[in-house]
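Open your viewer and give each chain its own colour. We will walk through the model stop by stop, selecting as we go.

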Amino acid sequence: MEHSGCAVNRERHFSCEDCSGNVSGGFDASASQIVLCQNNIRNQAHMSRVVTHELIHAFDHCRAHVDWFTNVRHLACSEVRAANLSGDCSLVNEIFRLHFGLKQHHQTCVRDRAILSILAVRNISKEVARKAVDEVFESCFNDHEPFGRIPHNKTYARYAHRDFQNRDRYYSNI
Amino acid sequence: MADGGGWRPPRPCEAYRAEWELCRSAGHFLHHYYVHGERPACEQWRRDLASCRAWEERRSAGAQRSLCESERARVEAARKHALVWAPRQSPPADWHLPLPQEEKDQ
């Protein structure tokens, strides 16, 4: 985030609030703020995942002209990326949700959770949300910035950070 | 790609070894199958490791070419999908601005 010009300040860019329903968090683009739903976040692992999810939205807001409010394809793209890269759709989390599947199930989860996230913030039909996810999925599922890979666990995250620290050497020698 | 003097492998050889070993691990097989529905392909990491070592040991020009081609292919593969949105030239102007006064008062 800092490298992209959006250094994150805990007091300015995070807000802990009580939320209605079972929403865990959100990114408020108009206030440049991540909202964490203190009444719905269950434990540290859940908190880490929600923070990662919302930071991906913040990162997209920082690096691109994302039309959060009137372009459902833009919203769908960021939700696909957040579901894909935050750990929302890990095998363990899906098993806890009683969603059993192995071969390519991650992609099914990403599509479904992206649709749910869109419906939570937009008053549109499920069909419109699904169509938007379908249209952007190929591009956005394969956009792994800023990690360069899906960070399945701390090892992958560590390797991603190592690549980030090495970026100057990398791009000057290919 | 810079030729001759000053060039070095894009990653340290240790990084190629680590990527190859991660790719071949049982954990990665499971993650990759869960995401892509197929087994991972790790051969290119092994080739890159061999090229890196060939450069380190004898400054092989072939190894340099092979590594550059391999990494450029990785960059191309990561960028081949059309962007959904337009990239910014600078971050949002209001990112660092204070919150509106009425929110602060609440």
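Start where the chains share strand pairing: select strand S4 (residues 64–65) of chain A together with S1(B), two antiparallel strands joined by 2 bridges. Two strands count as paired if DSSP finds at least two bridges between them. Within this pair, A:His65 has B:Ala86 of S1(B) as its bridge partner. Helices here are DSSP runs of H or I with at least four residues, strands are runs of E with at least two, and both are numbered from the N terminus.

Some ground rules before moving on. This is a predicted model, in which local features need pLDDT of at least 70 and side-chain atom pairs count only at pLDDT 80 or more, while totals for chains, interfaces and linings use all residues. Residues are numbered from 1 along each chain as its sequence is written, chains are lettered from A and ligands numbered from 1 in the order in which they are written, and side-chain values use heavy atoms, with hydrogens and water left out.

**The interface**

Now show the residues of each chain that touch the other.

Which residue of chain A forms a salt bridge with B:Arg11? Zoom in and you will see A:Asp163, with the closest N and O atoms 3.6 Å apart. The count between the chains is 3 salt bridges, each a side-chain nitrogen of Lys or Arg within 4 Å of a carboxyl oxygen of Asp or Glu.

**Inside chain A**

Move to strand S2 (residues 25–28) and strand S3 (residues 33–37) of chain A, which pair in the antiparallel sense over 4 bridges. A:Gly25 stands opposite A:Leu36 in S3(A). The hairpin has 4 residues between its strands, and there A:Ser32 takes a positive phi near 50 degrees.

Two backbone details deserve a stop. Most residues other than glycine have a negative phi, and most peptide bonds are trans. A:Leu98, however, has a positive phi near 65 degrees; look for A:Leu98 in the loop between H4 and helix H5 (105–121) of chain A. A cis peptide bond, with omega about 0 degrees, joins A:Glu145 and A:Pro146. A:Pro146 is in the loop between helix H6 (126–141) and helix H7 (154–165) of chain A.

**Last stop: confidence**

Colour by pLDDT, the predictor's confidence in each residue, from 0 to 100. Chain A has a mean of 96, with 100% of its residues at 70 or more. Chain B averages 91, and 90% of its residues score at least 70. For the complex, the predictor gives an ipTM of 0.93 and a pTM of 0.93.
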